[in-house]
Each structure stands twice: as C-alpha cells, then as structure tokens.
Amino acid sequence: MSNNAVPTKGNLMAAKNTLKLSVQGYELLDKKRNILVREMMSLIDKAQEVQSHIDGTFSEAYEALQMANINLGIHNIEKTVYAIDEEKGIAINTRSIMGVEIPMAAIDEGDSRPQYGLKGTSVALDVAREKFIAVKKLTVQLAEIENAIYRLAVNIKKTQKRANALKNIMIPRYEELVKFITESLEEKEREEFTRLKMIKKIKA
C-alpha cells in the first residue's frame, strides 16, 4: 500500500485519521465483545440452574401423576387430561444487549383454576397439575435463555472477526502508511535543506 501512496501532508493527515478511527473502532469492538462474553457466561450458569430445577420438578410431577394414576386409574386421568386446553398463551418480546436482540418469553397466566371438576379427582392430581405448570414455565424460561446464548455466541464471533480484521490488518496497514509518508516527507525536507544549503554556499 505504501508504494502506491503519494507522500503528501494531506495524505499523511488522512492516514493518521483513518488509523485513529481504526484504533477507536477496535477498542469499542473489544469492549463490546467482553460485555457480550460476560453476559453469555452469566446466562450459561443460569441455564444450568434452570435445567436443574426442571429435572427436579419433572420428577416431582411424575411422582404425583403416578400417585393420581393409582388413586383414580389411568383411564380417568386420560379423560381429565383431554379436557385441558392446549397452551397458546406465550408472548415473545425482545431486549437489546449492545445491539444484540435477545428474546423474552412470557406466559399468559390467564385463569389459574383447574380446567377439570373436583369430582372424581384427587389431591395428587392437583399436585401433578401444579408441578407440570411449573415445568412449563421453567421450560419456556430455559428456551429463552438458550436462544439468548445462541444469539450472543453468533454476535461474539462476528464482533471478534471484525476486531481481528482491525487489529491484524487495518491498524498495521495504516501504521505502515503513516510511517512511510512521514519518513518520505522527512527525507524530502532533508533533501530540500541540503539543496538550499548548497545554493547558499554557491552564492557565498
């Protein structure tokens, strides 16, 4: 690049400005990457915690369901389950972390009362219902977190790639250009000084 650059003060100023912007851009991207990495690591810890809650709550839910099956019979439980409406009340919003859109899932609680009658049911069935509702909420929360982790990871990779391009290509290139133009201008100044000195000597 230095071979094609004309060593003028205007080009030197332009090269210095580009170098300055490249350094600032790298620093901002590096800062963004660090923030996104910290956020992602925090979410990974949170995902592990939620997954642990899901596992425990699932076990409790199935234990309660097994007890309800024993008390009421599997056939009666199946009839009761078919009476429950399909879940359709999940809303998705977003929030932004350093320009990365992160999904936020929310469940419409609606009417929290059981959709089956109390006749012919048991406390074990009510407990199972509450546990499975808890599992549903935790699962939605986990899906939200895992999606956020994926989006952050993708953006971290892109940010790292751009930062590397600035650090390893653009910044060295313009450092070299600034050095070339500076040295060329200094050489011209020395030549001009020598030339003027010779002229002065001849006149003298």
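Predicted model: local features only at pLDDT ≥ 70, side-chain atom pairs only at ≥ 80, totals over all residues.

**Helix packing, core and local features**

Helix 1 and helix 3 are roughly antiparallel to each other. That description follows from the angle, because their axes cross at roughly 165°, and angles over 145 degrees count as roughly antiparallel. The two axes come within 4 Å, and the crossing is left-handed.

The protein comprises 3 helices and 2 strands, and from the N terminus on the order of elements is α-α-β-β-α. Of its 204 residues, 26% are buried.

Helix 1 covers residues 9-72, which is 64 residues. From its first C-alpha to its last it reaches 91 Å, close to the 94 Å expected at 1.5 Å a residue. Just after helix 1 comes Gly73, with a positive phi of about 95°. Helix 3, its partner in the crossing, spans residues 123-203.

I turn now to the interior. In soluble globular proteins, nonpolar side chains tend to be buried together. Here the largest nonpolar core has 16 residues. Which of them touch the most other members? They are Leu36, Leu43, Val50, Ile102, Ile145, Ile149 and Leu152. Helix 1, strand 2 (100-107) and helix 3 are the elements that give two or more residues to this core. Helix 3 supplies the largest share, with 7 residues.

Two individual positions deserve a comment. The first topic is the loop between strand 1 (90-97) and strand 2, where Met98 lies. Met98 is not a glycine, and yet its phi is positive, at about 50°. Is Met98 buried, partly exposed or exposed? Its relative accessible area is 39%, so Met98 is partly exposed.

The other position is Thr8, in the segment before helix 1. With a relative accessibility of 31%, Thr8 also counts as partly exposed. How far apart are Thr8 and Ser184 in sequence and in space? They are separated by 176 residues in sequence, whereas the distance from C-alpha to C-alpha is 8.7 Å.

Key:
Residues numbered from 1 in each chain as written. Heavy atoms only, no water. Expected span 1.5 Å × (residues − 1). Axes fitted to C-alpha atoms, helices over the stretch in contact; angles between N-to-C directions. Parallel < 35°, antiparallel > 145°, perpendicular 65-115°, else oblique. Left-handed = near helix turned anticlockwise from the far one by under 90°. Core = buried A, V, L, I, M, F, W, Y, C linked by side-chain atoms within 4.5 Å. Buried < 20%, exposed > 50% of the residue type's maximum accessible area, 1.4 Å probe, protein only.
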